[in-house]
Amino acid sequence: MFPYSYWFRRRVKEDPSARKSSHQEQEDRSKVPHSNVFIEFVVYPRQDEERQGGMLPRQESHLAARIRELAEDRNAIILAHNYQRPEVQDAADFLGDSLELSQKAAKSDAEIILFCGVHFMAETASILCPDKTVLIPELNAGCPMADMITIQGLRNLRNEHPKDPVVCYVNTSADVKAESDICCTSANALRVVESIEEPEVIFVPDKYLAHYVSTKTKKEIIPWKGFCPTHIKILPEHVTRQRRLHPKAEVMVHPECTPPVIALADKVLSTGGMCSYAPKSSASEIIVGTETGLLHRLRKENPDKRFYPASELAVCPNMKLITLEKVLWSLEDMKHEIKVPQNIRIKAKMAVDKMLEGI
Ligand code: 13P
Ligand code: SF4
């Protein structure tokens, strides 16, 4: 049997920079002069070939191809966080943790950064790249932990500890970054805290990351009381159960997990740290204590190893709001642009730059 299906698609020759959305294209179709129309021959694998060897199902494969085509036309780079849906991860140019994505955004020479992640991540890209257009496919993809702290709350805490510098986790709004002295991510939180001269630091907004850092440093940490609603779903009994089921497995967890979960782990790592560590580990089975989206990448990059989620409940609904369709619409309609006002951006950038300089 012929292993490919195909269809013909009517396309309009056009200036890519003046490209219209699929909705507008439909409306304008009847007005297009005949000489500007060409027929495109599209080939894709048949259903029975699908999802084998990592191949995408037909619909996804078509969407991904359209996304790649449009990203090239628009000189856009697609950055995706490790918790994104598998098909979104597969369509991206670059996958990473919060730190790696900020660094990639800062170095990219693309005109458009399409950020598949939560709002603060796109904001960080905008803080670092004010001349680029930063797009997020879904405006509602926020981070509840980032929303647990307000500027007024931070100012009040600062007034109580006027001599203490403020370290803000990257999971904060641009406003909160602008009120902070230095930013950090889960990959470098301890290093950032240790780089500060003062013996006491304010750490916002994640109390569990703050606690984890406090166990590794002599500095006094004054935490804000935020937390990640996804990581607290991972319970110690989930880890113990998985250990019982997979006695040879190593356990790696994210520092946003609660202290009793961290106490059961062999390694405490950012999502990027987990991706670098997994191939180096001598274990052939690994229990992963973080958002379950990371398992797609770990399995894809380490086909000879087995990965088990510490808990199937650890799903971040905000990360999952971004779908392949929304990525395409975002590029087609150039929506939704994230732009940080200049007065906030300059102050927030000082905190982010200070972190990046220390690396
Ligand atoms: P990473 O920087 O480790 O990818 O973590 C980001 C995040 O939001 C974790 O919940
Ligand atoms: Fe925020 Fe937690 Fe989701 Fe990360 S996993 S984006 S910290 S809610």
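Me: What should I know about numbering and confidence before I start?
Reply: Residues are numbered from 1 along each chain as its sequence is written, while chains are lettered from A and ligands numbered from 1 in the order in which they are written. This is a predicted model, in which local features need pLDDT of at least 70 and side-chain atom pairs count only at pLDDT 80 or more, whereas totals for chains, interfaces and linings use all residues.

Me: In what order do the strands β3, β4, β5 and β6 lie in their open sheet?
Reply: Helices (H or I, at least four residues) and strands (E, at least two) are DSSP runs, numbered from the N terminus, and two strands pair if DSSP finds at least two bridges between them. Here the order is β4-β3-β5-β6, with parallel pairing, and the edge strands, each paired on one side only, are β4 (94–96) and β6 (133–135). Strand β3 (residues 76–81) is joined to β4 by three bridges, and alanine 80 stands opposite leucine 95 in β4.

Me: Which strands does α5 touch when it packs on this sheet?
Reply: Contact is judged between C-beta atoms, placed from the backbone, that lie within 7 Å; axes are lines fitted to C-alpha atoms, for helices over the stretch in contact, with angles from 0 to 180 degrees between N-to-C directions. Helix α5 touches β3, β5 (112–116) and β6, and its direction makes about 160° with that of β5.

Me: How is the packing of α4 with α5 described?
Reply: Two packed helices are described by the angle between their axes and the distance between the axes. The axes of α4 (residues 98–107) and α5 (residues 119–128) come within 9 Å and cross at roughly 35°. Among the residues that meet are Ser98 and Leu101 in α4, and Met121 and Thr124 in α5.

Me: What is the order of the sheet that contains β7?
Reply: Four strands form this open sheet in the order β8-β7-β9-β10, and the pairing is parallel. Strand β7 (residues 166–169) pairs with β8 over three bridges, and cysteine 184 in β8 is the bridge partner of tyrosine 169. Helix α15 (residues 342–357) lies across β7 and β8, at about 60° to β8.

Me: Which residues surround the ligands?
Reply: A residue is counted as near a molecule if its C-beta atom, placed from the backbone, lies within 6 Å of it. Around ligand 1 are residues including Asn82, Asp97, Ser98 and Cys228. Ligand 2 is surrounded by 14 residues, of which the closest are Cys143, Met145, Cys228, Thr230 and Cys316.

Technical notes
Contact = placed C-beta atoms within 7 Å.
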